[in-house]
Amino acid sequence: MITRRSLSRRELAAGLAGLFASACDTPRRAPGEVAFWFSYGGNNRKVLLELVARFNREQSAVRVLPTFQGDYFEGLVKLRTGLFVAAVPTVTHVVGEVLPYLAEAGVLEPLDEIGDDVVADLEPSLSQRGTFDGAAPHPLWALPFNRSTPIAFFNRPLFDSLGLSPPRTWAELRDVADRARVEGDRARWGFECPVDWWFWTALVGQAGGGLVERGALTLGGEAGVRALELWQRMVHEDRTMRPPPGRDFNAWEASNGDFLAGRAAMIWTSTAFVRYLEDNASFAVGAAPLPGDVRRAVPTGGTFFVMPRGLPPAEREAGRAFLRWMMAPAQASEWARRTGYMPVTTRARGELEASGFFREHPNFRVAVDQLEVAQRWPWSASLFRTQREAVQPRLEAAVARKEDARAVLAAARAASEAP
Amino acid sequence: MSLRPTRAWHPYAMLAPTVIVLGLFFLLPLALAFHQSFHAWDLLTPPRPVGLANYRALWASGELVEIAARTLGYGVLVVSFSLSFGLGLALLLDREGRLYAFVRGAVFSAYVVSWVAVALLWLWLLDPQSGLVARAARGVGLPGVDWLGDPDLVLFTLAGVTVWKITGYAMVCFLAGLQDIPRSVLEAAALDGATPWLRFRRIVWPLLRPTAAFVGTTSLILSFQAFDVVRVMTQGGPVRASTIFVYAIYEQVFVNLRVGRASALTVVFFVMLVGLTALQLRVWQKRSNGRVET
């Protein structure tokens with residue numbers, strides 16, 4: 001029994017210190033447990049959780065514990081905080097733009113030990129080396145998971161009734177958007193696209209530019225200006241494009257919602273939504289590649305699997321076992337088939353081709369075919385900051401207030417280069 | 001009975017829980033924020049000392065002034081409208097009867113609903129295409145208004161939603177204040193021929209002033225703490241037109257990965273709040289001094 005006298009002040013202090021220490025300590029996981037942080041909602045989350053449950057059923061050595069961590073950016077915040085307090089998951093997934101930043105900060109575990117067969121099977125343009133310029137000398141920090149490109153979705157019966165085809169050039173885009181628009185009480189926008197860095201990057205590429213040119217950050221130079229001016233023209237002069245409200249994925253959800261409700265005849269969004277839009281539209285959904293200007297171009301998007309550095313060897317091996325299973329053709333093709341993301345290995349793609357899936361579901365094929373014009377991101381630790389802090393907030397202001405595109409991009413370049 | 005403690009350390013032991021909680025969750029974070037505001041840090045790589053660069057960057061970009069002006073503007077809107085509507089409703093509903101009790105309950109009910117639920121509800125109501133407000137406007141031939149998409153309008157919209165939510169609280173405070181005023185005084189004034197307006201100006205309002213000061217202060221604090229409504233409804237946009245202080249701090253840390261810049265904003269926000277509190281104390285002090293002299 002603890003008497004009043006026996007609980008000295010020193011013991012009390014030691015007890016409190018122990019309490020704080022245990023609260024701040026790295027969580028210890030049972031042998032074979034893999035903590036997996038993910039960032040999906042809706043159908044994609046359901047498919048992922050079913051895959052994880054199957055993995056857990058099929059074997060008993062490794063048990064994956066999936067935890068939802070909000071959208072990509074919320075998930076990233078939690079990962080950074082977790083890294084700071086050494087309370088990290090075994091495996092998580094991050095957007096491509098943030099990968100060089102995390103790798104250069106030294107917080108990732110190389111994944112080369114995943115096995116040569118897995119690495120050799122990766123779809124070249126979706127792997128780390130194919131996604132980034134200048135990534136070749138680096139270790140394998142990441143494995144492609146849900147990879148995408150932006151594509152166009154259109155209301156097929158509406159397009160048929162108006163005699164319209166998906167646009168192949170910027171001029172056709174403006175024309176089609178104008179012809180599909182309806183004003184008045186039952187208003188319908190001809191075109192809707194989140195005013196987002198990803199789609200702007202696509203336009204920059206189509207106008208013949210790149211974010212980094214001859215080793216310098218140009219944000220596309222004149223091509224960047226033309227890309228921004230196309231949106232400004234469609235919003236303010238043609239009045240055919242609706243810039244959806246909200247930031248980040250709120251805007252994406254808004255444009256999906258407008259498309260499904262018949263308030264937008266055509267939208268640009270990720271191939272990730274093929275299954276969602278097909279399942280939820282009351283009309284036949286058409287998908288088409290993005291149009292070109294001086295050339296055709298799209299960025300790739302989506303996320304990569306990564307493993308934080310500093311985990312015990314056994315936990316790393318358990319994590320790799322899960323990743324190997326996810327990369328196997330059966331899982332990689334099922335993930336693509338049930339969501340709309342692209343198959344990330346050549347064998348998974350081969351399975352989908354051989355089974356006739358792409359023939360029966362041509363909308364799923366659009367992004368895969370578009371890979372031939374996919375552009376690489378620069379391998380730069382500041383890419384993420386350029387996106388989130390310098391360019392993204394300025395795009396919204398430039399389109400909403402029709403600010404001078406040249407001045408906006410000059411300010412974005414200056415902000416991106418600021419320490 | 002003596003108030004002298006039996007042991008010299010007893011008062012310190014009594015104070016310890018408060019001091020520990022305040023120190024851990026208020027003073028220590030504030031000191032850390034102050035320290036971090038002179039560093040560039042992204043939580044992953046080691047912090048680099050940058051002197052006053054964070055403050056200079058916030059000042060030079062005009063961001064600091066814009067955010068402070070927006071926050072103050074939002075605060076003024078929220079305080080003035082919640083005070084006026086709360087007082088108006090209290091005066092209207094300070095009557096007996098089931099209907100009045102029901103309306104009082106209905107008005108107050110918004111206050112107990114969570115901020116996120118309120119924000120989601122209004123997001124739906126204000127949708128420019130399918131929202132109830134837009135449909136009603138179209139029904140009577142009014143043009144559609146993009147309440148959350150227009151940069152010139154969005155702060156007013158968010159203030160409106162906040163006022164809608166907290167007016168019930170102001171009303172309840174004023175009702176309590178009204179019920180403290182002796183009915184006999186009002187009846188005597190009425191018998192003396194004082195009009196309702198005169199009774200309000202000369203009796204009710206002077207006696208309600210402490211309540212108004214309390215409601216004003218709490219609504220101001222609440223408006224300065226606003227975050228959920230911005231996060232859910234606008235994410236600071238469009239064009240940063242609804243980026244007020246707490247959201248700006250969140251954005252610097254969690255979107256831009258700039259802990260130093262966020263800490264500098266926190267320090268400025270703290271100084272601004274200390275300044276406002278000092279101003280408010282001064283005004284109250286002057287008023288109470290004046291009352292003693294008369």
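**Figure 1. Contact of α2(A) with α14(A).** In this predicted model, A:Asn43, A:Asn44, A:Val47 and A:Leu51 of α2(A) meet A:Gln331, A:Trp335, A:Arg338 and A:Thr339 of α14(A), where contact requires that the C-beta atoms of two residues, placed from the backbone, lie within 7 Å. Helices (H or I, at least four residues) and strands (E, at least two) are DSSP runs, numbered from the N terminus. By class, this contact has 3 nonpolar, 4 polar and 1 charged residues, with Ala, Val, Leu, Ile, Met, Phe, Trp, Tyr, Cys and Pro counted as nonpolar, Asp, Glu, Lys and Arg as charged, and the others, Gly among them, as polar. The axes of α2(A) and α14(A) come within 10 Å and cross at roughly 155°, which makes α2(A) roughly antiparallel to α14(A). Axes are lines fitted to C-alpha atoms, for helices over the stretch in contact, and angles run from 0 to 180 degrees between N-to-C directions; those under 35 degrees count as roughly parallel, over 145 as roughly antiparallel, 65 to 115 as roughly perpendicular and the rest as oblique. The crossing of α2(A) and α14(A) is right-handed, a term for the near helix being turned clockwise from the far one by less than a right angle, with anticlockwise giving left-handed.

Residues are numbered from 1 along each chain as its sequence is written, while chains are lettered from A and ligands numbered from 1 in the order in which they are written. Local features need pLDDT of at least 70 and side-chain atom pairs count only at pLDDT 80 or more, whereas totals for chains, interfaces and linings use all residues.

**Figure 2. The open sheet of chain A.** Five strands of chain A, in the order β2-β1-β3-β14-β5, form an open sheet with mixed pairing, two strands being paired if DSSP finds at least two bridges between them. At the edges stand β2 (63-68) and β5 of chain A, each with a single partner strand, so one side of each is left without a neighbour in the sheet. From one strand to the next the twist averages 25°. Strands β1 (residues 33-38) and β3 (residues 91-95) of chain A pair in the parallel sense over 2 bridges, and A:Trp37 has A:Thr92 in β3(A) as its bridge partner. Helix α2(A) packs on the sheet, touching β1 and β2 of chain A, and its direction makes about 160° with that of β2(A).

**Figure 3. Domain 1 and domain 2 of chain A.** An automatic or database domain assignment gives domain 1 (33-148 + 301-367) and domain 2 (150-299 + 382-417) of chain A, whose C-alpha centres lie 27 Å apart. In domain 1 of chain A, 22 residues are in contact with 20 residues of domain 2 of chain A. On the side of domain 1 that touches domain 2, α2(A) gives the most, with 3 residues, and the residues of that side divide into 9 nonpolar, 10 polar and 3 charged.

**Figure 4. Helices α4 and α7 of chain B.** Helix α4 (residues 98-112) and helix α7 (residues 154-180) of chain B pack at an angle of about 120°, with their axes 7 Å apart, and are therefore oblique to each other. The crossing in which α4(B) passes α7(B) is left-handed. Residues making the contact include B:Phe108 and B:Tyr111 of α4(B) and B:Trp164 and B:Met171 of α7(B), and by class the contact has 9 nonpolar, 3 polar and 1 charged residues.
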